[in-house]
Amino acid sequence: MSNEELAFLGTGPVPTAPYYDREYHELEREAVFRRSWLHVGRVSELTGTDPFLVRRIGVARASVLITRSPDGVLRAFHNVCPHRGNELVAEDAGEARSFSCRYHMWNFGTDGTLRAVPDEKRFYDLDRSACGLRPIAVDTCAGFLFVHLDAAPAQSLQESLGPFGDDLERIGFARFTDFEQYSCDVAANWKTAAHNFQENYHVRWVHRPSSGGRATSRENPFGYNSSFRFHGRHGGGTHWIPPGAALSDVRATAMRAAPPADDAPCRGNFDFFHLFPNLYIEPLGGFNTFTMQFWPLDTERTRLVVRVYRAGDDTSASARFSREYTASSLMDVHVEDVEVIEANQRGLRSGALEHIHFGAQEALCRQLHENVAEMVRTYLTGRSTVPARTDVR
């Protein structure tokens with residue numbers, strides 16, 4: 001896409017303060033993470049007759065309880081007992097027909113209703129119907145599980161994702177039910193980390209050790225994406241694959257060993273998705289896929305969580321080799337990324353620069369920056385008391 005086609009996102013420099021300013025980070029907690037659909041796992045993780053999951057979303061200061069009833073109905077609640085505010089369920093996952101608070105043993109059904117209160121007669125006009133678990137929104141797309149901390153968000157998940165949701169369903173992500181996961185903590189703001197995976201401008205230099213120079217060619221010396229797509233706050237595109245790129249012997253063996261994926265429309269040129277605010281999804285040739293999430297731990301600390309998914313068990317030793325090789329290759333790439341992400345953050349926080357610059361092919365970086373800035377501005381406008389410092393975007 002040309003510079004002109006991408007200019008609608010903006011063309012000027014952007015301020016550096018949002019990448020290290022603690023006040024801005026605190027605003028993002030409320031304005032972004034408490035007001036967006038957040039990916040918290042896969043439906044396939046809810047196994048059994050009465051399964052539940054607990055997800056602790058630190059940046060939103062929230063703990064979420066997700067249940068699925070035997071008839072398949074998904075529900076989600078704040079994982080908080082309405083009696084005294086104790087965290088209700090301590091386990092990360094399991095099966096249960098009800099939940100009892102370990103503090104005073106108030107008991108709740110998987111539908112959130114208050115079932116039992118020890119020594120209930122000692123409470124003043126206790127209305128059980130008003131003391132159930134506080135619901136939040138939950139929904140799925142292509143097997144991905146999302147929650148929104150509002151019980152009735154302004155946009156449903158489907159409305160938010162729009163055509164991106166259709167693409168995820170079309171590609172068939174729902175068939176990926178098993179995964180391996182690794183994570184690392186990076187000394188960088190979550191947006192600094194996310195930006196690294198939103199552009200290919202750095203690939204030619206940073207990833208030469210892992211790619212051997214095979215990610216670029218004379219036709220596309222920087223390995224820019226074939227296309228970009230945008231919907232609402234979400235972005236994505238299609239990776240460019242060098243024509244006739246030579247593969248190392250081991251990589252060629254791994255590709256030949258991959259299970260056939262003729263039904264995967266992304267085979268060849270790989271589509272990818274950046275779902276706002278912090279989820280990256282990429283199919284790997286159709287036979288497996290990986291996701292990456294950028295969870296803020298603090299203003300300048302982020303946890304990268306990578307999952308490599310597969311569609312069921314491997315059918316042969318060759319298929320397992322292909323999958324393991326793919327996962328280890330990804331890790332090699334991400335090790336290269338972490339070093340430059342942290343160096344990037346050190347430069348930003350030094351205060352040497354008031355602004356940085358995004359090129360046209362860093363369009364997804366600019367989109368994320370502007371979306372966050374717009375949500376922070378909206379949040380500040382809606383608050384009854386606006387802090388004195390409102391000049392950070």
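**Strand pairing in a predicted protein model**

Strands β10 and β11 form a hairpin with two residues between them, and Ala-142 in the turn has a positive phi of about 55°. This is a predicted model, in which local features need pLDDT of at least 70 and side-chain atom pairs count only at pLDDT 80 or more, while totals for chains, interfaces and linings use all residues. Residues are numbered from 1 along each chain as its sequence is written, and side-chain values use heavy atoms, with hydrogens and water left out.

Around the hairpin
- Strands (DSSP runs of E, at least two residues, numbered from the N terminus) pair if DSSP finds at least two bridges between them.
- β10 and β11 (residues 144–148) pair in the antiparallel sense over five bridges, with Val-138 standing opposite Val-147 in β11.
- On β5 (residues 74–78), which runs antiparallel to β10 (residues 135–141) and is joined to β10 by two bridges, Ala-76 has Ile-136 of β10 as its bridge partner.

The seven-stranded sheet
- An open sheet with antiparallel pairing has the strand order β12-β18-β17-β16-β15-β14-β13.
- β12 (178–186) and β13 (227–231) stand at the edges, each with a single partner strand, so one side of each lacks a neighbour in the sheet.
- β12 pairs with β18 (residues 301–310) in the antiparallel sense over nine bridges, and Glu-180 stands opposite Val-308 in β18.

Whole chain
- Buried residues (under 20% relative accessible area, 1.4 Å probe, protein chains only) make up 51% of the 393 residues in the protein chain.

Methods: Buried < 20%, exposed > 50% of the residue type's maximum accessible area, 1.4 Å probe, protein only. Helix = DSSP H or I, 4+ residues; strand = E, 2+ residues; numbered from the N terminus.
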